[in-house]
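This report describes one protein model from its chain-level totals down to individual side-chain pairs. The sequence and structure come first.

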Amino acid sequence: MAGPGRVPRSEPPSRAGRGGPVKLPAGGSVKAPPLPSDIKWDKRSRKVWRGWWASPMAGRWLDSDADMLLLLLETVNAFYAAENGREKALLATEIRLRSANFGLDPMSRRRLGWVIEPSKPARPPVKRALKTDLDEWRGLPV
């Protein structure tokens, strides 16, 4: 019996109403929107921006997400401009929290149920016997 104010569930909350994982293609195909010209962008921030939009996750973002991603990029830009450790630590925390909303780290992709498909089928490594001088010296067949 459920307590007062509690609704009984037939499934755990993390799986209620969800299907299987969403498979994202390995290569991204979304062109990065242009950055506003009124901000002085660090070259690393520009690289981060292009990387986000070239990622498999970009195909899941809506047009309305671009504004929040830009706000996140401004935080990244401030991180690169910061000169003291305390300021960098605060900005890094904010970046971590905001980036999780867009699947930009492995744990947030897992939480969102996104799986990136491998770009090439994985081949197991080929094991080869190593020929050593010691084996030849002992007269062992190699």
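## Surface and overall make-up

The protein chain exposes about 11,400 Å², of which carbon and sulfur atoms supply 55%; accessible areas come from the Shrake-Rupley method with a 1.4 Å probe, and for residues only the protein chains shown count as cover. The model is predicted, so local features need pLDDT of at least 70 and side-chain atom pairs count only at pLDDT 80 or more, while totals for chains, interfaces and linings use all residues. Residues are numbered from 1 along each chain as its sequence is written, and side-chain values use heavy atoms, with hydrogens and water left out.

Of the 142 residues in the protein chain, 23% count as buried (buried is under 20% relative accessible area, exposed over 50%, partly exposed in between, with a 1.4 Å probe and protein chains only). The protein chain has five helices and two strands, in the order β-α-α-α-α-β-α from the N terminus. Helices (H or I, at least four residues) and strands (E, at least two) are DSSP runs, numbered from the N terminus. Among contacts in the protein chain with a separation of 6 or more, 58% are between residues 24 or more positions apart; contact means heavy atoms within 4.5 Å.

## The largest nonpolar core

The largest nonpolar core has 18 residues, and Trp49, Trp52, Trp53, Trp61, Leu69 and Leu73 touch the most other members. Such a core is a set of buried Ala, Val, Leu, Ile, Met, Phe, Trp, Tyr and Cys residues joined through side-chain atoms within 4.5 Å. At least two residues of this core come from each of α1 (43–54) and α2 (65–81), and α2 gives the largest share, six residues. In soluble globular proteins, nonpolar side chains tend to be buried together.

Beyond its neighbours within four places in sequence, Leu69 is in contact with Trp49, Trp52, Trp53, Trp61, Phe102 and Leu104.

## Aromatic pairs

The whole structure holds five aromatic pairs. Rings of Phe, Tyr and Trp (its six-membered ring) pair if their centres lie within 6.5 Å; planes under 30 degrees apart count as stacked, over 60 as edge-to-face and the rest as tilted. Trp49 and Trp53 make an edge-to-face pair, 5.7 Å centre to centre with 65° between the planes. Both lie in helix α1, four residues apart, about one turn of the helix. Trp49 is buried at 4% relative accessibility, and Trp53 is buried at 6%. Ring pairs join Trp49, Trp52, Trp53, Trp61 and Phe102 into a cluster.

## Strand β1 and Leu24

Leu24 lies in strand β1 (residues 22–24) and is buried, with a relative accessible area of 2%. Leaving aside neighbours within four places in sequence, the contacts of Leu24 are Pro56, Met57, Arg60, Trp114, Val115, Ile116 and Glu117. Leu24 and Ser55 are 31 residues apart in sequence, with 9.6 Å from C-alpha to C-alpha.

## Salt bridges

There are two salt bridges in the whole structure (a side-chain nitrogen of Lys or Arg within 4 Å of a carboxyl oxygen of Asp or Glu). One joins Asp42 and Arg44 at 2.9 Å, N to O. Asp42 is partly exposed at 22% relative accessibility, as is Arg44 at 40%.

Glu94 forms a salt bridge with Arg98, with the closest N and O atoms 2.7 Å apart. Glu94 and Arg98 are four residues apart in helix α3 (residues 85–99), so about one helical turn separates them. Glu94 is partly exposed at 31% relative accessibility, and Arg98 is partly exposed at 23%.
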